[in-house]
Amino acid sequence: MIHITEPKNCCGCNACVQACPKHCIRMQEDSEGFLYPFVDRESCIDCGLCERVCPVINQNEPQKPVVTLAAVNSDESVRLASSSGGIFTLLAERTIDNGGVVFGTAFDENWDVKHICIDSKSELPKLRGSKYVQSIIGNCYKEAKTYLDAGKEVLFSGTPCQIAGLKRFLRKDYHNLKTMDVVCHGTPSPLVWRKYLDEVSSMYNIAQITDIKFRDKTDGWKNFSLSIKYKDKEGAEKTFRKTLNENVFMRCFLSNMCLRPSCYACPARDGKSGSDITLADLWGAENICPESDDDKGVSLVLLRNKDFTLPGFEKKEIEYSKAVMYNPSIESDVTLPNKRDKFFRLLHRSGILKATVKCTTKSKFEVLTEKIIWNIKNRILK
């Protein structure tokens, strides 16, 4: 029987819920907004399956990539609409062309983030782009298994812990399954995201949100912004956009303040998810492959399965060690902030995200100072 004694021991992948033969496990939101499994003990038959599919209990060994690439999609419009180089779209298009289906994250009508399945290229914009909120998997593992058993090709994308959960749930290899995870900084609280949207809606007189981009490249790929397109209560169409240093939610996210407790000791980072391929931003592209760096986005591609064939795109092999130097989240967990508990206490007490972030996270000046120091150290190392 799955029993979570400490929040850090659950990544919220939902594998246990979907694997339970008696359907006696349900996910319930805690005070921080994260989902955890709860068991109906009277219905439980102690089969132990929920524990066998848990990626936190059953962790794999780290796996280094067989090939490390810098890559971009030659379609400029797709690249600009993507978080980095637009490589996910190429992988998804190939799967759909082969008659398969693609699983990934999308916003629902309330702008919550959920995993969905698509089988049409026209639906790809829903899955394109990063969503910095933990997605709700629902029954996607079971749905993917149904397609796989029917012989359909499946591309399943998600965070490392979600891919690890899928692999544990399936309990066997499928030749028609391709898995893709992302280099994950950590998954922010859906509760914090909802509070952010409520505050922005009130501040800007928003009647209806029409689009959200966590990685708007209007101000450049390196200086990306969180943008929200909306209609105000007078019916005018407007756009709210702030850079990562100015945006309250992004400051909260990048300071590690609102991440899921399991993210500070991720059970699936560094290739432990068992994914075929990992995608990320190639930070440091201006030094690693300056010929590809036009500030429109360059993807880092970590190929972990030598039998996985890549579609055609502009790519260049690079050193894995350099990729890790500029994007340490590939291998290293984020640091647990000393003020994390204080952050959630203040948030519940005041109900105001902006004030809570101001009290518990570093100022723009402090972040800038740290960035300058980091750059100086990096130059000295070079």
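Trainee: In what order do the eight strands of the open sheet run?

Mentor: This is a predicted model, where local features need pLDDT of at least 70, side-chain atom pairs count only at pLDDT 80 or more, and totals for chains, interfaces and linings use all residues. Numbering starts from 1 along each chain as its sequence is written, and side-chain values use heavy atoms, without hydrogens and water. Strands are DSSP runs (E, at least two residues; helices are H or I, at least four), numbered from the N terminus, and two of them pair if DSSP finds at least two bridges between them. Pairing is mixed, and the order is E5-E4-E6-E7-E11-E12-E3-E13.

Trainee: Why is one side of E5 and of E13 left without a neighbour in the sheet?

Mentor: Both strands, E5 (113-118) and E13 (314-317), stand at the edges. One side of each is open because each has a single partner strand.

Trainee: Which residue of E11 is the bridge partner of valine 182?

Mentor: E7 (residues 177-182) and E11 (residues 277-281) run parallel, joined by three bridges. Valine 182 has as its partner in E11 leucine 279.

Trainee: Which residues are the closest to the centre of the largest cavity?

Mentor: A cavity is a set of points on a 1 Å grid over the protein atoms alone where a 1.4 Å probe fits but cannot get out; lining residues have an atom within 4 Å of a point. Helix H7 (160-170) and E7 each supply at least two lining residues. Of the 22 in the lining, the closest to the centre are Pro160, Val182, Cys184, Cys266 and Arg269.

Key:
On a 1 Å grid over the protein atoms alone, a cavity is a set of points where a 1.4 Å probe fits but cannot get out, and a pocket is an open set with protein on both sides within 12 Å along at least five of seven lines; lining residues have an atom within 4 Å of a point.
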